[in-house]
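Colleague: I have a protein on screen and some questions about its fold. Can we go through it piece by piece?

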Amino acid sequence: MNHIQISAPTVTDDGKKAKISVDVEISRGIQTLWYKIDSIYREYLYTDRIDPFLVAILPYCMKNGYHIHVSDKTGVSADLLYQITKVLLPVLNNAKAYDFQKIDIDAVPIYKSLKKGTGVATGISRGIDSFYTILNNLDGLFPLTDLTLFNVQSFGEFGGEAARKYFYGEVEKAEEICHDLNREYGKKLNLITVDSNIQEMMPIEIFSSGSYRDAGAIILLKQMFKLYYFAADVTLENFDFGNGIRREDPWIFYCLSTENCRIQLSGAEATRIDKAEYISRYPVTYENLRVCHQPLFYGNGNTEYASHINCTCDCEKCRYTVMDLAAVNALQKYKKVFDLNRVEEMYEDILAESVERKDLVQVHSHWRDVYLAFRQREEIDESFEEKVQAGEFNILPEEREHRIHTLADELLQRTGSRPSLAEYFIKNGWQRVAIYGMGRLGKQLYDELKDVVAYGIDRSTEIHYKGLPLKGPDDEFPPVNLVIITAVYDRKRIRILLSKKLQCKIMTLEEVLKMIGSAQ
């Protein structure tokens, strides 16, 4: 098994941002990891221990089998080192979750106490859980003093400059919300931001790392905060191990809390529908609710995501959120952040999805909550469930994913072969092609066909990919020889739309690949 060695931290300050860094010696060389905060908070950084870096890189090291050696010139807070080595790691090693390997940590324990913070904070990611936690803790025994925004993985799973650009756009939005909350409720909340490159230097999927990356940024500021409310994604009754990192949060944050700062799960007592009803009483959420999963998967490969509204129906989180809001008769209030016309088009399909997924509680219980709510409203009855079982609704997302993976594999097998797809198209007189659907398949197809692609067509015109011009469904389409549909559902409607605007051949990606295969 390999080792990594972590150096003592150093701090630099350019007058605007203070940066704390460590060098990590790893098999591929020396990597410099850093966090950045506003210079006015520099006094809260500490350089005699590497706590925030150790926590953030734990899942990466466990996934890749790296023992951790911390330089003798620094160390780890004794209480945190104990919790990690004596409580957290043994359980992970025994459970063998996420393919984590058994690792050792060689570090000097530091018993000297840090300065104790007085602040109480939570994140402002703008989701239902986030807004519920903020609005539910403006007052009380430990009212909020600060809001935070961390670029540690949530703005692009593997970081990069596109993710950083998106993060700083969200900082501006968070500042506006912070100002509105202070004005409306007579508060003095501060917004504290943390940028980092750890997700770029040590990339790992968010499914098995997100809580650790968030906790690292919180621990970075533990001389500032005595209490940090972390917005719960699931109720406590759905606590589980090995089925997604967020289901383990109560235990993870117990292990990573220290004498200086307790990370407290907030909102675990309420269902997501309860939270939707609660936040719908507050107008500050109407134009600011942001739940979409799409941005998480952007930020890589020069791809940007700059939409100001949620995708509404393309990602699972948006779909069950619009139904949460519909269940409490509040969806109309959020017409500026969801496409309500699209919800109307797909309403029964999403209800059908809740029927299909109501028993998948090993993943999460959100769909079951939707199902039960609409059962109570009698919009789901035995007749509706029979139609679902008979397959009368659009294909469900898991089937879409299967089709996407199958097509992606088929397309990948064509990549680099001769004749190439582009050469085949030119030979057949298709020198000017449009691609409908610029998701995963559309991007992969464009990479193979870029010399003959004139433009892409997609509902989300804010997605930018390698300079390709993008049209929305309502735009005028310049003439092309061929349109390739990469979408795996709703194709009848798409063909009708395209045939009204273009006089050319229209084919699905499957049809294209089948045609090329039969010609060889």
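Colleague: Start with Gln83. Is Gln83 buried or exposed?

Modeller: Keep in mind that this is a predicted model. Gln83 sits in helix α2, residues 78–95. Leaving out residues up to four places away in sequence, Gln83 touches Leu88, Tyr254, Cys255 and Ser257. Its relative accessibility is 12%, and the limit for buried is under 20%, so Gln83 counts as buried.

Colleague: Now the whole chain. What share of the 520 residues is buried?

Modeller: The protein has 17 helices and 20 strands. It exposes about 22900 Å², with carbon and sulfur atoms supplying 48% of that area. Of the 520 residues, the buried share is 57%.

Colleague: Among contacts between residues at least 6 apart in sequence, what percentage join residues at least 24 apart?

Modeller: A contact here means heavy atoms within 4.5 Å. Take the contacts between residues at least 6 apart; the part joining residues at least 24 apart is 71%.

Colleague: Which residue of β16 stands opposite Ile435?

Modeller: Strand β15 covers residues 433–436 and β16 covers 453–457. The two run parallel and are joined by four bridges. Opposite Ile435 stands Gly456.

Colleague: How do the directions of α9 and α10 relate, and why?

Modeller: The axes of α9 and α10 (residues 340–357) come within 10 Å and cross at roughly 100 degrees. Angles of 65 to 115 degrees count as roughly perpendicular. So α9 is, relative to α10, roughly perpendicular.

Colleague: Which residues of α9 make that contact?

Modeller: On the α10 side are Val343, Tyr347, Ile350, Leu351, Glu353 and Arg357. On the α9 side are Glu316, Arg319, Val322 and Met323.

Colleague: Helix α11 next. Which helices do its buried residues pack against?

Modeller: Helix α11 spans residues 366–376. Among its buried residues are Trp367, Tyr371 and Phe374. The buried residues of α11 pack against α8 (272–279), α9, α10 and α12 (382–389).

Colleague: And helix α6: how many of its eleven residues are buried?

Modeller: Helix α6 covers residues 210–220. The buried residues include Arg213 and Asp214, as well as Ile218, Ile219 and Leu220. For α6 the buried count is eleven.

Colleague: Some backbone angles now. Is Thr312 buried or exposed?

Modeller: Thr312 lies in the loop between β14 (303–305) and α9. Its phi is near 80 degrees, a positive value in a residue other than glycine. At 1% relative accessibility, Thr312 counts as buried.

Colleague: How does Lys466 count by its relative accessibility?

Modeller: Lys466 is in the loop between β17 (463–465) and β18. It has a positive phi of about 50 degrees although it is not a glycine. Its relative accessibility is 38%, so Lys466 counts as partly exposed.

Colleague: Last one. Which residue just after α11 takes a positive phi?

Modeller: Just after α9, Asn329 takes a positive phi of about 55 degrees. Just after α11, the value is about 65 degrees, and the residue is Glu378.

How values were computed. Residues are numbered from 1 along each chain as its sequence is written. This is a predicted model: local features need pLDDT of at least 70, side-chain atom pairs count only at pLDDT 80 or more; totals for chains, interfaces and linings use all residues. Side-chain values use heavy atoms; hydrogens and water are left out. Two strands pair if DSSP finds at least two bridges between them. Buried means under 20% relative accessible area, exposed over 50%, partly exposed in between (1.4 Å probe, protein chains only). Accessible areas come from the Shrake-Rupley method with a 1.4 Å probe; for residues, only the protein chains shown count as cover. Axes are lines fitted to C-alpha atoms, for helices over the stretch in contact, and angles run from 0 to 180 degrees between N-to-C directions. Angles under 35 degrees count as roughly parallel, over 145 as roughly antiparallel, 65 to 115 as roughly perpendicular and the rest as oblique.
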